[in-house]
Amino acid sequence: MKIELANSYGFCFGVKRAIKIAENAKDAATIGPLIHNNEEINRLKINFNVKTLEGISEITEEKKAIIRTHGITKNDLSKLKNSDIKIIDATCPFVTKPQQICEKMSKEGYDIVIFGDENHPEVKGVKSYADGKVYVVLDESELDNIKLSQKVAVVSQTTRKVEKFMQIVNYLMLKTKEVRVFNTICNATFENQEAVKELAERADIMIIIGGKNSSNTKQLYLISKNFCNDSYLIENESELNEEWFRNKNHCGVSAGASTPDWIIQNVVKKIEDFKN
Ligand code: F3S
């Protein structure tokens with residue numbers, strides 16, 4: 001049986017970078033879980049003594065604080081800067097960008113519109129950089145009753161879909177005189193989705209690896225299932241069942257954006273062992 005990995009799978013650039021930073025930091029604490037994968041968080045804890053705190057209020061004796069890919073609010077950052085703690089910034093550069101845009105454009109007098117989920121830590125962080133008026137919306141209708149200034153700047157949460165972003169931009173163009181559009185969407189998630197689709201169309205069994213509570217892993221599984229009925233979602237190699245592979249010729253493998261490479265390798269190794 002042929003085993004083929006999707007063209008794009010697993011960690012995105014920002015998460016890979018954050019893990020490297022955490023490994024090098026050692027004896028540090030992350031503000032919020034670094035990624036949505038408990039096994040990886042445990043590995044960082046056991047091998048590199050990197051702890052996870054829920055927020056900056058939990059900091060006690062820690063000497064180094066790692067800011068995770070989603071970033072933190074401007075206020076929390078300045079509290080950290082005013083403390084004795086060493087700050088290690090692992091904010092993804094694709095998240096730093098909308099933070100900077102928000103800060104700059106609101107200083108220039110633009111109202112800010114953020115397309116995203118206002119409860120998401122990334123959006124809370126980006127929003128905190130706006131000095132003036134800022135609106136977070138998931139749909140343009142949420143702006144119906146709002147009197148916007150004649151100058152509006154619009155950014156997106158990194159993981160949103162571009163089609164919806166364009167609808168919001170179109171709406172704004174009809175509502176105000178000047179709209180500055182910053183496409184801050186990151187393609188990493190969609191690259192994994194495109195790749196799983198392409199592979200699932202050709203494979204006769206698909207194994208998707210990732211946390212069962214990870215929404216992007218579930219999304220990959222659903223796309224895969226759409227094109228290959230024998231698709232399975234597993235967290236690690238212990239869930240593999242040799243029966244699934246009977247009479248199969250081509251096994252496709254993909255993994256969610258928070259699945260570490262070592263888990264993927266363990267799964268591939270075990271599937272290879274089934275062949276023998
Ligand atoms: Fe950064 Fe995009 Fe990943 S914003 S953390 S590279 S999904």
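**Ground rules.** I number residues from 1 along each chain as written, and I use heavy atoms for side-chain values, leaving out hydrogens and water. Because the model is predicted, local features need pLDDT of at least 70 and side-chain atom pairs 80 or more, while totals for chains, interfaces and linings use all residues.

**Largest pocket.** I looked up its volume: about 1,100 Å³. A pocket here is an open set of points on a 1 Å grid over the protein atoms alone, where a 1.4 Å probe fits, with protein on both sides within 12 Å along at least five of seven lines; lining residues have an atom within 4 Å of a point. I found 42 lining residues, with H70, T159, T189, N216 and A257 nearest the centre. Helix 7 gives the largest share of the lining, 6 residues. Helices are DSSP runs of H or I, at least four residues, numbered from the N terminus.

**Ligand.** I find the ligand in the largest pocket, with more than half of its atoms within 2 Å of the grid points. Around it I list C12, G14, T69, C92, F94, T158, C186 and A188, each with a heavy atom within 4 Å.

**Second largest pocket.** I noted about 190 Å³ and 13 lining residues. Helix 5 (residues 121-128) gives the most, 3 residues.

**I223.** I placed I223 in helix 8 (residues 215-227). I call I223 buried because its relative accessible area is 18%, and buried means under 20% (1.4 Å probe, protein chains only). I see I223 touch Q193, V196 and K197, not counting residues up to four places away in sequence; contact means heavy atoms within 4.5 Å.

Technical notes: Helix = DSSP H or I, 4+ residues; strand = E, 2+ residues; numbered from the N terminus. Buried < 20%, exposed > 50% of the residue type's maximum accessible area, 1.4 Å probe, protein only. Points joined across faces, edges and corners; volume = space filled by probe spheres on them.
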